[in-house]
Amino acid sequence: MKYIDFPTLGRRPSSEFVVGGIIDPEPAELDGISPGEWVFNRDSIPMRRTEWWYHTPTQLWFLVERHTATDEVFGATLAGAAIDG
Amino acid sequence: MAKRLPPQPNEWIKRDRRLSFVFEGERYDGLEGDVLSSALLANDVVVQARSFKYHRPRGVLSFANHDANVLVTTGDRTNVRADVEQVAQGRSYRAVNTYGGLRFDVARVIQLFARVLPVGFYYKAFYRPRFLFPLWERLIRTMAGLGKVNTTAPCVRVTRRNRFCDVLIIGGGVAGLAAAKQCLSESIDVVIADENPRMGGSFDYLHAYDESAQAVKTAILDLLNSSNSAEVLTQHFAAGFYADNSVPLVGPNGIVHVHAKAVIFATGLYEQPAVFRNNDLPGVMLVSAAQRLVHRYAIAPCANAVVLAGNNEAYAAAIDLQKIGVRIAAIVDLAEPNSRGDLAATAMANGIQIIPNASIDEARSRNGRLVAVSIRSNDGKQGQSIECDGVLMSVGWAPAGGLLYQAGARLEYDPTLEQVVPVSMPAGTYCAGRLNGVFDYLDQIDDGAAAAAAALADIGVRSDAAERPARTVQPHSHPYPITPHAKGKEFVDFDEDLQVKDLTVAYREGFDSVELMKRYSTIGMGPSQGKTANMNGVRILGQLQDKAVAAVGVTTPRPFTHPVPMGMLAGRRLRRQWCTPMHEYHHAENADLQEAGTWLRPMSYTRGSPRTAIEREYQMVREQVGIIDVSTLGKIELFGPDVIPLLEYAYTCSFEKLKPHMTRYIFMVDGSGTLVDDGVAARLADDHFYITATSSHAQAVVRQLQQYADQLGFNVAIVDRTFQVAALNLAGPRSADVLSKLTDIDLSSENFPYLALREGQIAGVQARALRVGFVGELGYEIHFPASHGAAVWQALLEAGAAAGIGAFGVEAQRLLRLEKGHLIFGQDTDGTTNPYEVNLGWGVRLSKEQFVGKHSLTKLKPMLKRRLVGFVTDADPDRLIQECHLIIEQGGIAGRVTSVAYSPHRKAVIGLAMVDSSLTEAGQTLSVRVSDATTVAVTVADMPFYDPDNERQQINSSDPRQAA
């Protein structure tokens, strides 16, 4: 089991989460690419990137910075925290 | 012959506890503590199994808990390893994989055809002629596989336990115990696990007569047993290594899943067999197997042994075995004995004949028993024949390193040691002892302690790390303990009966890398997973490739390290099961409760057969009134200034024109335009919505809405009220009559029109009522606090008694909505369905500026290739068309049935089918292929099948309160 340190939650096992991937919101306009390309062609190069992680028990989304090849986690922040204030 | 010895200093058996057991139908005596193999050897039963492919007689090989040479069945359990299975009083065992029993296995004749059964035989022989393949397949399936699973065996549930600790030590041998001692010097939480019934590892059999070593062992075990901060788990093997140092330990009572801050691997080595002709004869075994038999179970495996030596351990063992009365006929040394130091001199002084620079050419048997070996010198000369009833091999070692690979450690072949050793360990993991290439006993102690010190420094309870002892510089493995023979039968993999020739042929046929060779020849793919085969396989491949062993590479061992019974993985099979607040009623009324996702839902209230119950419930709703528990619906409340932008983004429709206290049907799609979920949205105020989601998908909808809100920075509070709010649907022509008795809400159609939401008291509880019509009758979906669920339910039943009210289940609801042509998401849609295909285009507002799926739906709209249609047929309802039956058109698949039922209203079978666009005209005939492969004609019909003008939603009486 993988354990990750989260703000407000503390150290939690990865089994409590649903990983939402790196999906961006659907833009109003697709700049010159087809819908199929936008939906299906994902950049899957192993690298350090920010992913959406959902904590099921608290129903909170977090942004987790993780290396997708080594599975190393560099940190997590509460998603949407910026708009709370 | 094999026999029981007088008491040994470290033996694990209880001399005063005799027991008897049955093997292959014969009764034998054993002692408590015996494993099956040792108990059989005590009775001089050396042939204990038959091999997988050629059904050759087999006996003990490694006796190291992974000896797949002897697999037995107890009747209830199968493929049980006889070196692990402790014999129990009265238990009966049989060898697996025999035809007609171990002694007279008729399939043994297969080995006579071994010459025509080359490697890859099945791939080469059985692919043609094609029409015969079913026959071949049946034959191969009969011959392949080992034990038979007894499906009537009693189901024993075991518990899985999580254990969090500071340090986990895997292996309770010399290095592991030394590491444990070091850990106990700090106040930390330690778990030490060993697969054997007792801790001690090689302390017990390599250092049995070393008093100082025994004192060290006893002191550490006393320390461990008296410590409050250490948990000692015997008979637990580490099955795998998973992220962040989590290790499932499989024990007799279930899995202990350990999550450790640091892990120390002290798993030791697997001794490797030598490869020579007939090296699989019962009586030929590893030296360490013999030592374990002697010291743990007081078994002399033979009376007159030839020791095949490739290292010092062989000499030490020969000297030890001599002490307990085994005659050592000779030590055949693969190399020069003077490299063995004092041990060779001691052996010679003890009168043991040493044959240098030679190997065993062939082991020979008479009446199935080993009688002699013939010697071949390393320069190829045939040497003498030596009579013996046992051959003990000690020619090399491979790391018990499966867990290390899984942890991400790098292991390389060390040409000095002629052994694979770890060269780098991932953070938080350490290895110690012989696994780490440290062979000297005192160095092993230091290595274990140093590994523990490093682990303690790693978790922050110690600041300094101790110095690690250097690796041993003398090889303990022979670089090529393989003696091919012109007549073959030199087994490399005992599990799979693979001979040197098989690997040579595989290589010549182009399977020339370890991974390819493994898959083609199946080396290492048997029940012992190559623990005693892969290293020799790699050495042979290196020879064939003319490469150094280090350059050949190894296959990656994946979990599990030992076979794990399925029941261990299943555990107690605990899973969530949600019950609605009305569950007690359903239960008391004998409802047919089925799992729908996590929820338990009443399918029907069975009085009589389910079919009559469903029809009765259907009639009740159509003619009088019924209630159904819909508490399983997702219920989500949204507040905040950005509610409308969020819903506009998440759902396809437009919400701007939705007036307060009105509802509308909503559905969402994903980015590819595929339907994901549907429900009802009710606007309570400009910035306040209440929406429902499908039962099994509610949590996902909450998750999705929250993600959209977070992504786009919307100021919305999303509250999942699924479990706080109970809901029921009161439906039927008399529903207003019934409800009016219990509520202060004005139910007149002027005040409470179709699709409106009203709040008020219902049965004394503050509730929301939604006038929606999923089942096609006048109805009210009533939402109220879950704590009042049972009370409101009961009040409605009582208020409606005169009107003929009753509860109806999910099955009746399915039929009712089918007549009305309403969809069930996940049944009439699947993971590829877009709104246009199911006639929901009216709910998609492509002109909205931005919403999920907009771009895909814009593209998909003009590309409609199939559509959901209703159909009706006069075919006999008992010859039922079923969901997922295919529509066949001109010999090809043109669609499939998604819903089907007998409609009491139409007095015919009706259904929904997803069909090609060319077949969607009303009146079109479709052919449905049903289960018996015949076809049934159905006719595309206009939908809905029932009440097309929604007249049933009218409240006939102008004031239902008066009517009531």
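Two strands pair if DSSP finds at least two bridges between them. Strands (E, at least two residues) and helices (H or I, at least four) are DSSP runs, numbered from the N terminus. The views below come from a predicted model, in which local features need pLDDT of at least 70 and side-chain atom pairs count only at pLDDT 80 or more, while totals for chains, interfaces and linings use all residues. Residues are numbered from 1 along each chain as its sequence is written, chains are lettered from A in the order in which they are written, and side-chain values use heavy atoms, with hydrogens and water left out.

**View 1. The hairpin of β31 and β32 in chain B.** Strand β31(B), residues 591-596, pairs with β32(B) in the antiparallel sense over 5 bridges. Glu595(B) stands opposite Leu600(B) of β32(B). There are 2 residues between the strands, and Gly597(B) in the turn has a positive phi of about 65°. Strand β32(B), residues 599-605, is largely enclosed by the rest of the structure, because 7 of its 7 residues are buried. Buried means under 20% relative accessible area, exposed over 50%, and partly exposed in between (1.4 Å probe, protein chains only).

**View 2. An open sheet of 6 strands in chain B.** The strand order is β40-β41-β42-β39-β33-β43, and the pairing is mixed. At the edges are β40(B), residues 757-762, and β43(B), residues 806-807, each of which pairs on one side only. β40(B) runs antiparallel to β41(B), residues 765-770, with 6 bridges between them. Across this pair, Arg758(B) stands opposite Ala769(B).

**View 3. The largest cavity.** A cavity is a set of points, on a 1 Å grid over the protein atoms alone, where a 1.4 Å probe fits but cannot get out; lining residues have an atom within 4 Å of a point. Grid points are joined across faces, edges and corners, and a volume is the space filled by probe spheres set on the points. The largest cavity holds about 680 Å³ of space. It is lined by 43 residues, and those closest to its centre are Glu195(B), Ala266(B), Thr267(B), Gly268(B) and Leu269(B). Elements that each supply at least two lining residues include α4 (174-184) and α6 (287-297) of chain B.

**View 4. Cysteines of chain B, Cys431(B) and Cys884(B).** For Cys431(B), the nearest cysteine sulfur is that of Cys183(B), 15 Å away. Cys431(B) counts as buried at 4% relative accessibility, whereas Cys884(B), at 49%, counts as partly exposed.

Note on methods:
Disulfide = S-S within 2.5 Å. 1 Å grid on protein atoms, 1.4 Å probe; cavity = no way out; pocket = protein on both sides within 12 Å on 5 of 7 lines; lining within 4 Å.
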